[in-house]
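Hi everyone, thanks for making time for this. Let me put the structure on the screen, and then I'll walk you through it.

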Amino acid sequence: MVENNSKANILMMKKLLVFTLIMFVFGYALVPFYEKFCEVTGINNLLRPDVLAKDNWVDEERWVTIEFDANTRGLPWQFKPLQTSARIHPGEPVNVMYEITNNSDREMVGQAIPSYSPRFLDKHLKKFECFCFTKQVLKPNEARQMPVQFVIEPGFPADIHTVTISYTFFELPEGASTAKR
Amino acid sequence: MAAVHGDAHGHDEHHPSGIMRWVTTTNHKDIGTMYLWFSFTMFLVGGFLAMGIRAELYQPGIQILEPELFNQFTTLHGLIMVFGAIMPAFVGFANWQVPMMIGAPDMAFARMNNWSFWLLPVAGTLLISSFFVPGGAAAGGWTFYPPLSTQGGLGVDLMIFSVHILGASSIMGSINIITTILNMRAPGMTLMKMPMFVWTWLITAYLLVLVMPVLAGVVTMLLTDRHFGTSFFNAAGGGDPVMFQHIFWFFGHPEVYIMILPAFGIVSEIIPTFARKPLFGYSSMVYATASIAILSCVVWAHHMFTAGMPTVGQLFFMYATMLIAVPTGVKVFNWTATMWRGSMTFETPMLFAIGFIFLFVIGGFSGVICAIVPIDIQVQDTYYVIAHFHYVLVSGALFSLFAGVYYWLPKWTGNMYSETLGKWHFWLSMFFFNLTFFVQHFLGLAGMPRRIPDYNLQFADFNMISSIGAFGFGLTQLLFLYIVISCIRSGEKSPEKPWEGATTLEWTHLPCPAPYHSFEKPPIVK
């Protein structure tokens, strides 16, 4: 009986090992799947310009205050907006300049990641141009001024009067490509 | 029912003696014993960390543990209890019981069985030693979310390796259990005649081979993010920390059922024995277990309602989560119906089994409450969640383990435990457990956050009560250790069949204690 069993047992073990391997690969397959899912549903669209709706209009009845925030993380750059806030009408195009300075004596690559408050602002924020769409390469002591152009759609909830748009620059490790999405 | 016949005669037990017996053993009973002692050791270590946490929270302010160390304590408490105590304990039960309950001579792959056990002490040592490396142990919570886990020091690397090893051990154990159950049942034992414990372990083992490799994958991604320049979870490199949470919980939610399904199995053996009635609704129990396992794979994002998710996603995960209450309810009603009009007696295993049902239902209900999105957004990361999952993991999984140990101790050792002390252990555990965790519901609803060493003065009274309960609960478990040791060393000789209501093969066909080699000739099951 033991002999009969051992063949069947080994076959079973092989099947289960193959299944285990498939599940390990599946874990990695979740990464492109997740990215595709976010792309298709538009959940996580940080690095591509938006298109403004054709029926955009300016709601001159309302005012929204936008506060601009800038941070760096792990790299010796100075990073600041040239104006700290703007008071605008929803639907009106906004153009803000940011300035980065590489205070180190080597060439460095950075990538800015946006963050919004309130969080659902990203649904109503249409960005046409941003330094965060690509990586930024700065030579030693180089300074650069870069624009962000966007519109806050008039469909933005009326009970919110102040929003914050924040960018954080991270250092891109040597050889890493910029964000793919 | 066949009389107990001597299966023990005429075996020369030609195994090495001393320590080499345990290092080289391929016997499922030896390996089961080692699994159980290992998990109990880890339970004491995890319990020590819990005592540290509760001692710090005894009063507001920072008294004993610096915040960094406190974070390491909460993190390692979770990891050690989940991966070191609860899971290996159930594998230990599977090793001891599955072959005996299906009439098999041993596990299918005896040598692999030895290997999957001996990986555990290595992993456990890695985890515990991470306290003593520069920077200390991992401190980002047992779920090791990035960015904290991509930033921590050497302790995080040790944790990652340890999780890899534990995962490999679990996968090998599961392959062994599945093969044993599917290929080595005694003639006549069809799948639908298997004891419930065997059924629950079969389904649990499938869940393990389904999700453990995904955990191995996600910690590997974490490792390459930390050291090899990949950016799976690094926002600057185009990765996404929220994706970690999705992949982690794709493993993590089935994981909580991995920890509770075998508990359902143990309770489903004990209740019929002490109610002296067959299990009510056997086939519905099997289908309920399978439905719970399948549903558990599609509810993971209910752990992430506040991580940012479209409303449609929140609704799907909310409804799917609530749906799990249906098969779980089937189980609870079946246990109740099994007891209904049974001739019940209340020995220690039965007390723990009934305590399990009572307290697990409380934990289940607070689980349904947490599934509701707007409430979950309020209680996320508060002590309400802590209370919820300790009701299902301590008074759920752990109580069922106690019940199982008392139930099968006579079979394992040939000796009876002290019924008086066993009852003391139950009632003290019951009292102190509720003292510790019931008040945490109130703390959580009032807004006390988890994983924080200090708290607002308004939480002081409940925290003091909870800490006193925790110290009591911890001490009570030393009583359990004493009961088990004195049962092994000097317990009264067990009768051949200590539980008259028991109907599974290990009780009807094997003597007490079970011989070293059992069922070399398979029994015939009618």
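Helices here are DSSP runs of H or I with at least four residues, strands are runs of E with at least two, and both are numbered from the N terminus.

Before going on, some housekeeping. This is a predicted model, where local features need pLDDT of at least 70 and side-chain atom pairs count only at pLDDT 80 or more, while totals for chains, interfaces and linings use all residues. Residues are numbered from 1 along each chain as its sequence is written, and chains are lettered from A and ligands numbered from 1 in the order in which they are written.

Arg276(B) is not a glycine, yet its phi is positive, about 55°. It is partly exposed, with 16 other C-beta atoms within 10 Å. The cut-offs: 20 or more other C-beta atoms within 10 Å means buried, 12 or fewer means exposed, and partly exposed is in between, with C-beta atoms placed from the backbone. Phe519(B), in the segment after helix H16 (505-508) of chain B, also has a positive phi, near 55°. Phe519(B) counts as buried, with 22 C-beta neighbours inside 10 Å.

Most residues other than glycine have a negative phi, and most peptide bonds are trans. On the peptide side, the bond joining Pro146(B) and Pro147(B) is cis, with omega about 5°. Chain A has a cis bond from Ser117(A) to Pro118(A), with omega near -5°, and Pro118(A) lies in the loop between S5 and helix H2 (121-124) of that chain.

Now, chain B as a whole. It has 16 helices and two strands.

What about the inside? The largest nonpolar core has 170 residues, and those touching the most other members are Ile86(B), Val198(B), Val218(B), Val267(B) and Ala403(B). By core I mean a set of buried Ala, Val, Leu, Ile, Met, Phe, Trp, Tyr and Cys residues joined through C-beta atoms within 7 Å. A second, separate core of 22 residues includes Ile152(A), Ile165(A), Tyr167(A) and Ala235(B).

Over to chain A, and its sheets. Five strands form an open, mixed sheet in the order S3-S1-S9-S5-S7; strands pair if DSSP finds at least two bridges between them. Strand S3 (85-88) and strand S7 (136-138) stand at the edges with a single partner strand each, so one side of each has no neighbour in the sheet. Another open sheet, antiparallel, has four strands in the order S2-S4-S8-S6.

Finally, how many residues of chain A are in contact with chain B? The count is 32 residues of chain A, against 29 of chain B, where contact means C-beta atoms, placed from the backbone, within 7 Å. The largest share of chain A's side, 17 residues, comes from H1(A).

Thanks, and I'm happy to take questions!

Terms used:
Two residues are in contact if their C-beta atoms, placed from the backbone, lie within 7 Å.
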